[in-house]
Amino acid sequence: MHHANHFYGHAHVLARYAGLGGGHPPRINGYVQHGWNIGDGLAPGHPYAERAPSLLWSEQTRRRAWSVGRRNVVVIGAPFSYLLAMRPEEPPAEEREGTIWYPFHGWEGQHVKGDHRTLIALIRDTEPGPVTVCLYWHEYRMRSVRRLYERAGFRVICHGYRGHWWKDTDPDFLDKQLTELRRHRRVASNRLTSAIFYGIAAGCEPAVYGDPMILSNEDPTFGGTARIRRQWPELHGAEVDLPTAIEIARAELGTEHRCTPAELRELLGWANLQEEEDHRDD
């Protein structure tokens, strides 16, 4: 299994949906797109087997992959959409309140450069209710960054560790994220990212505003933040038209392409595993 298939517990979510339980997920035959992007679905710099299928979130991503010469591509929808199918929203114990805010983040290989103090001031001037700031694990471990948001009076959380090279993946990452999103009325960030689309799908009102910050050695191949703002202007601003946002999120997450458990087992190379499980049950 490509190690990126484990990121954010994606393989774990897909295995649960496919009926294979909550243990260690079987090897996936292919590369699962691990985050929303504006390219071909494959993360730049990640090694992958040339003939392995690309298991992509959306038809838009499939078309982009086709345009750069990739042919073994299949649209299955985002793993988050499978989690939503397994956890339909129930009447909330408490009314949604405030905003969950996701500052743009770095990772092991790239750091973010930007002014967090200026961003904090903008958040305080813009958000109408209490704010939860969700830092990516990379920034959450930086005490200097974390304390800036804590001292501003925000509730500061982290959904968990993404995982790397098959180690330390938090299989409940997306579950924790969905639970938090459903507590809040709004979801916001300084860049259009997976978290914004997840928030829209989970019933939040979205917003994208503020300095998008700079990622060191950012790959400009597919157009970067300038293209994102040109192509999705409807999702930028402190107030966004919700019906339009919902329509875009469904397309980008590939909600209509979500497979049945049987179809998913077949596509991921798990069909025989389910047959073996059925025989054991007999």
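**View 1. Tyr8, in the segment before helix H1 (10–17).** Helices here (H or I, at least four residues) and strands (E, at least two) are DSSP runs, numbered from the N terminus. This is a predicted model, in which local features need pLDDT of at least 70 and side-chain atom pairs count only at pLDDT 80 or more, while totals for chains, interfaces and linings use all residues. Residues are numbered from 1 along each chain as its sequence is written, and side-chain values use heavy atoms, with hydrogens and water left out. Now to Tyr8: its phi is near 60 degrees, a positive value in a residue other than glycine. Most residues other than glycine have a negative phi. With a relative accessible area of 15%, Tyr8 is buried (buried means under 20% relative accessible area, exposed over 50%, partly exposed in between, with a 1.4 Å probe and protein chains only).

**View 2. The whole chain, for orientation, with its 12 helices and 10 strands.** Of the 282 residues in the chain, 52% are buried. Take the contacts (heavy atoms within 4.5 Å) with a separation of 6 or more: 65% of them are between residues 24 or more positions apart.

View 3. As a reminder, an α-helix has 3.6 residues a turn, so residues three or four places apart point the same way. Just past the end of H6 comes Gly153, with a positive phi of about 90 degrees.

**View 4. Helix H3 (residues 79–86) crossing helix H7 (residues 173–181).** The two axes come within 11 Å and cross at roughly 65 degrees; axes are lines fitted to C-alpha atoms, for helices over the stretch in contact, and angles run from 0 to 180 degrees between N-to-C directions. That makes H3 roughly perpendicular to H7 (angles under 35 degrees count as roughly parallel, over 145 as roughly antiparallel, 65 to 115 as roughly perpendicular and the rest as oblique). The crossing of H3 and H7 is right-handed, meaning that the near helix is turned clockwise from the far one by less than a right angle. On the H3 side, Pro79, Phe80, Leu83 and Leu84 meet Leu174, Asp175, Leu178 and Leu181 of H7. Sorted by class, this contact has seven nonpolar, no polar and one charged residues (Ala, Val, Leu, Ile, Met, Phe, Trp, Tyr, Cys and Pro count as nonpolar, Asp, Glu, Lys and Arg as charged, and the others, Gly among them, as polar).

**View 5. H7 again, now against helix H8 (residues 194–201).** Here the axes are 9 Å apart and the packing angle is about 60 degrees, so H7 and H8 are oblique to each other. H7 passes H8 in a right-handed crossing. Leu174, Gln177 and Leu181 from H7 meet Ala195, Tyr198 and Gly199 from H8. The residues of this contact split into four nonpolar, two polar and no charged.

**View 6. Arg265 in helix H11 (residues 261–268).** Arg265 counts as buried, at 15% relative accessibility.
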